[in-house]
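Here's a walk through a protein chain, starting with the whole and ending at a single residue. Keep the viewer open as you read.

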Amino acid sequence: MSLPTLSPLPGYRAVVLDRARPLAGGVGGRPLALAVALVIVVLPFGDTAVPGAGLSLTYVAMAVPALLVLRLLVLDRIGLPPSLVFLGLALSVAGGVVSAATGVDPDRAVPSVVISLLTLGYGLAIVVAFRPGSEVDAIDLLVVVGGVVAAMALTSVGSAGALQAAEGGSVVLGRLTGPFAQPNELGIFCAALLPLTVVALVSAGSRRRTVVLGLAAACLVGAWAMSMSRGAWIGGVVALVGLAICEPATRRALAGVGATVLAAAAAAVVLPASTPVLGVVGARLRSLGDPTQNQYDDRPLIWAEAWRQASEHPWFGVGPSGFKVAAGQTASAISAEPADHPHDLALTILADRGVVGLALGLVVVAGCVLAARRQVLAGPGPVRPGGPSRVRSMAVLAALSAVAVHCVFDMPLRNPIVAGLVWTLLGMAMTVEARGAPDDGDAPRPVPNHPPTGERRPW
């Protein structure tokens with residue numbers, strides 16, 4: 001017996017995500033698309049503080065599309081998308097307000113609540129502004145900008161000293177950081193872009209585009225490897241394997257990449273740790289089998305502290321960004337040197353926002369899983385350069401899976417550059433989940449929320 005195919009609305013076909021297209025003839029169309037593109041373009045400098053705003057450049061840039069989409073909502077030109085991802089994120093913002101009000105330090109939580117509102121508005125702006133079939137490809141733009149970020153990191157090789165493994169590979173000195181605060185943020189940024197890079201190259205429509213994307217891909221792979229982030233390595237591999245399983249069109253390209261990575265990893269593992277680069281990579285890989293070699297690793301104590309806070313504030317947690325404040329209390333085992341977060345996404349949500357916040361996070365995960373299931377059940381379709389392709393939708397969901405896997409080992413999502421990428425992916429995931437699109441070969445159909453006259457219609 002075959003399983004039924006899920007669909008957000010009766011009559012909708014499999015959802016695809018291809019190219020960005022401004023809102024058809026409506027108020028805020030091209031400005032909204034350009035505002036979203038601007039957020040992507042400024043990502044390399046997203047961690048720069050904006051004087052007078054009290055926020056990083058990424059969040060200030062997000063305020064523009066967020067305000068534009070708010071205006072469309074107030075004018076009743078658009079409705080909210082029928083998306084579990086959006087539902088979970090929107091309710092998480094509301095729950096965050098309650099957590100902030102009842103937490104250990106409401107004043108400290110205010111910036112986090114403001115950022116949550118801006119990021120949610122930005123994600124909704126992506127759903128409203130972009131649809132399959134247009135001149136500007138948002139995924140290719142992400143890959144190129146990601147390549148710039150990776151190149152910035154690679155050009156800093158040697159600035160932190162020579163790579164050197166310590167504590168059996170559990171610690172590596174001289175790791176790349178680039179424009180990030182620490183190497184794991186660089187690693188997850190590159191890992192999340194790997195699936196998008198593969199499908200961008202597979203569906204590139206011209207030699208010039210292939211060359212540009214190829215250069216960006218080389219930078220991303222190099223920075224991903226040189227970040228020495230074990231969580232990012234695992235997340236990237238899981239995402240690429242999942243993409244290969246679900247999308248036959250990517251298997252030939254991924255087979256070559258996989259063979260190269262496996263050969264390099266096999267050589268690295270047998271080399272001594274004193275060997276430049278490859279020896280350090282090998283020591284790092286070997287440390288996966290015994291993570292207890294690092295005598296300075298205090299994460300078990302931090303995880304225990306997260307459970308303590310969750311047990312004392314079970315429903316709404318200690319408030320957004322409240323973990324460090326609560327960890328500084330005398331009852332905490334790490335009060336002398338409180339950590340910023342529990343180094344695990346689920347524990348961070350549980351401590352900061354409680355069981356309610358964690359449940360709403362699971363709603364977001366469920367939306368992504370259901371969207372992926374619809375894509376898989378629809379079956380693979382042809383990949384045409386410049387045409388709508390389901391493979392791009394699966395790449396977005398695979399990218400989010402890389403983030404989810406990495407967040408089991410660390411919590412780098414508070415970095416503005418990483419947050420900008422992840423929220424761009426979440427906006428695209430909402431588009432994948434909520435919107436129908438023409439099959440390959442069909443003429444583009446009007447999108448229900450984008451009527452030519454600009455009046456509001458239901459999704």
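What follows goes from the overall chain to one helix pair and then to one serine.

First off, this is a predicted model. The chain has 459 residues, and 50% of them are buried. In secondary structure terms, you'll find 15 helices and four strands. If you look at contacts with a sequence separation of 6 or more, 77% of them link residues 24 or more positions apart.

Now zoom in on a helix pair. Two packed helices are described by the angle between their axes and the distance between the axes. For helix H3 (residues 84-102) and helix H4 (residues 106-129), the angle is about 165 degrees and the axes lie 9 Å apart. Angles over 145 degrees count as roughly antiparallel, so H3 is roughly antiparallel to H4. Their crossing is left-handed.

Which residues do the touching? On the H3 side they are Phe86, Leu89, Ala90, Val93, Gly96, Val97, Ala100 and Ala101, and these meet Pro106, Ala109, Val113, Ser116, Leu117, Leu120 and Leu124 of H4. By type, the contact comprises 13 nonpolar residues, two polar ones and no charged ones.

Last stop: Ser229, which sits in the loop between helix H7 (207-226) and helix H8 (230-246). Is Ser229 buried or exposed? Its relative accessible area is 0%, so Ser229 counts as buried. Leaving aside residues up to four places away in sequence, Ser229 touches Arg175, Pro183, Asn184, Gly187 and His406.

Definitions and conventions
Residues numbered from 1 in each chain as written. Predicted model: local features only at pLDDT ≥ 70, side-chain atom pairs only at ≥ 80, totals over all residues. Heavy atoms only, no water. Axes fitted to C-alpha atoms, helices over the stretch in contact; angles between N-to-C directions. Helix = DSSP H or I, 4+ residues; strand = E, 2+ residues; numbered from the N terminus. Parallel < 35°, antiparallel > 145°, perpendicular 65-115°, else oblique. Left-handed = near helix turned anticlockwise from the far one by under 90°. Contact = heavy atoms within 4.5 Å. Nonpolar A, V, L, I, M, F, W, Y, C, P; charged D, E, K, R; others polar. Buried < 20%, exposed > 50% of the residue type's maximum accessible area, 1.4 Å probe, protein only.
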